[in-house]
Amino acid sequence: MIEVTLLGTGSPIPDPERAGPSTLVRASDQMFLIDCGRGVLQRLAAVGSGANQLSALLLTHLHSDHIADLGDVIITRWVSTFAPDTPPLQIIGPPGTADVVEATLRAFGHDIGYRIAHHADLNGPPQVEVHEYTDGVVWDRGGVRIRVAPTDHRPVTPTIAFRIEHSGASVVAAGDTVPCRSLDALADGAGALIHTVIRKDLIDLLPQQRIRDICGYHSSVQEAAATATRAGVGILILTHYVPAMAPGTEDQWRALAASVFDRQIELGDDLHRVQVHPGVCTRSRS
Ligand SMILES: [Zn+2]
Ligand SMILES: [Zn+2]
């Protein structure tokens, strides 16, 4: 079984109820954080976990809303890791990730210096290993296998989606993308597809061109659902709601997806949890 928790279902626009984009995937005894938007560690604490328990951080792309709390993840893992044999934080992302991680470590250079000077058992900076990929197998440990494939979020490039597999269960995290063949192929027959969505019908009505621009490189609810249908996935999990899904409108969003996808549809608030079994699917709410 793979368990998916929507830690943050928000977008770049700050929302009092929704943290920035981030999803937790648990498979076997491994924990993967997909993207790390604002507030991610508060949400991770809400499910009884923390940065020091992550097996890897997976980044779909380097847009600010998806990496806003990268520094918090790296520094908090570092200061809250007490076992000397804890492996370096594995960060897997598209080309450009190493640059961003290096710059983040530089930005926190003063903090890192203060803490090393103050604590006798902190002898060096945070241990981080960055792996950049656009395609192929990126993880194969303890029965968990992760593959990536390119997505289409142009002009943001490169961007990637992740497919996580364990004991016959599989989950694909699409990130921000318009429909594309490489995502269809990666998601083919998956147990669940986690897809970011925007309501183009609402955003297109707004007066600011800069906001309407975002319609060009995201999938609408219907487009994400069409991807799920083409790929034949079992569960469609929607997240990263633009605009923020207002209370009482969940059924509207669900109906838009259901007009194109006739299997299980999951959406909700931060901490919404979905269990993805090989073949059978059940759901629960935190
Ligand atoms: Zn983006
Ligand atoms: Zn985004």
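**Group meeting: helix pairs, sheet and backbone exceptions**

Let's start with a crossing: helix α3 and helix α4 cross in a right-handed way. Handedness here means that a near helix turned clockwise from the far one by less than a right angle is right-handed, and anticlockwise is left-handed. The model is predicted, so local features need pLDDT of at least 70 and side-chain atom pairs count only at pLDDT 80 or more, while totals for chains, interfaces and linings use all residues. Residues are numbered from 1 along each chain as its sequence is written, with chains lettered from A and ligands numbered from 1 in the order in which they are written.

Back to that pair. Helix α3 covers residues 70-79 and helix α4 covers residues 97-107. Their angle is about 65 degrees, and their axes sit 10 Å apart. Axes are lines fitted to C-alpha atoms, for helices over the stretch in contact, and angles run from 0 to 180 degrees between N-to-C directions. So α3 and α4 are roughly perpendicular to each other. The classes are: under 35 degrees roughly parallel, over 145 roughly antiparallel, 65 to 115 roughly perpendicular, the rest oblique.

Which residues of α3 and α4 meet? From α3 come Leu-70, Gly-71 and Ile-74, and from α4 come Val-100, Thr-104 and Ala-107. Contact means C-beta atoms, placed from the backbone, within 7 Å. By class, the α3 and α4 contact has 4 nonpolar residues, 2 polar and no charged. Nonpolar covers Ala, Val, Leu, Ile, Met, Phe, Trp, Tyr, Cys and Pro; charged covers Asp, Glu, Lys and Arg; the others, Gly among them, are polar.

Now the second pair. Helix α9 packs with helix α10, residues 250-258, at about 45 degrees, axes 8 Å apart. The two are therefore oblique to each other. The crossing of α9 and α10 is right-handed. Val-221, Gln-222 and Ala-225 come from α9, and Trp-253, Leu-256 and Ala-257 from α10. That contact splits into 5 nonpolar, 1 polar and no charged residues.

Helix α9, residues 221-231, also lies across two strands, β11 (192-198) and β12 (235-242). Against β11 the helix runs at about 160 degrees.

Next, the whole chain. It holds 10 helices and 15 strands. These are DSSP runs numbered from the N terminus: helices are H or I with at least four residues, strands are E with at least two. The C-alpha atoms fill a box of roughly 60 × 45 × 35 Å along the principal axes. A compact globule of 286 residues would have a radius of gyration near 19 Å; the chain has 18 Å, which agrees. The radius is taken over C-alpha atoms, and the globule rule is 2.2 Å times the number of residues to the power 0.38.

On to the sheet. What is its strand order? The order is β7-β8-β9-β10-β11-β12-β13: 7 strands, open, with mixed pairing. Two strands pair if DSSP finds at least two bridges between them. At the edges are β7 (136-141) and β13 (264-266), each pairing on one side only. Neighbouring strands are turned by 20 degrees against each other on average, direction ignored. Inside the sheet, β8 (144-150) and β9 (160-166) run antiparallel, joined by 7 bridges. Val-144 has His-166 of β9 as its bridge partner.

Ala-27 stands opposite Gln-30 in β3. Their hairpin has 2 residues between the strands, and Ser-28 there takes a positive phi near 55 degrees. β3 also runs parallel to β4 (56-58), with 3 bridges. Leu-33 has Leu-57 of β4 as its bridge partner.

Last, the backbone exceptions. Most residues other than glycine have a negative phi, and most peptide bonds are trans. Ser-167 is not a glycine, yet its phi is positive, about 50 degrees. Ser-167 sits in the loop between β9 and β10 (169-173). Arg-154 and Pro-155 are joined by a cis peptide bond, omega about 10 degrees. Pro-155 is in the loop between β8 and β9. The bond from Val-242 to Pro-243 is cis too, omega near -5 degrees. Pro-243 lies in the loop between β12 and α10.
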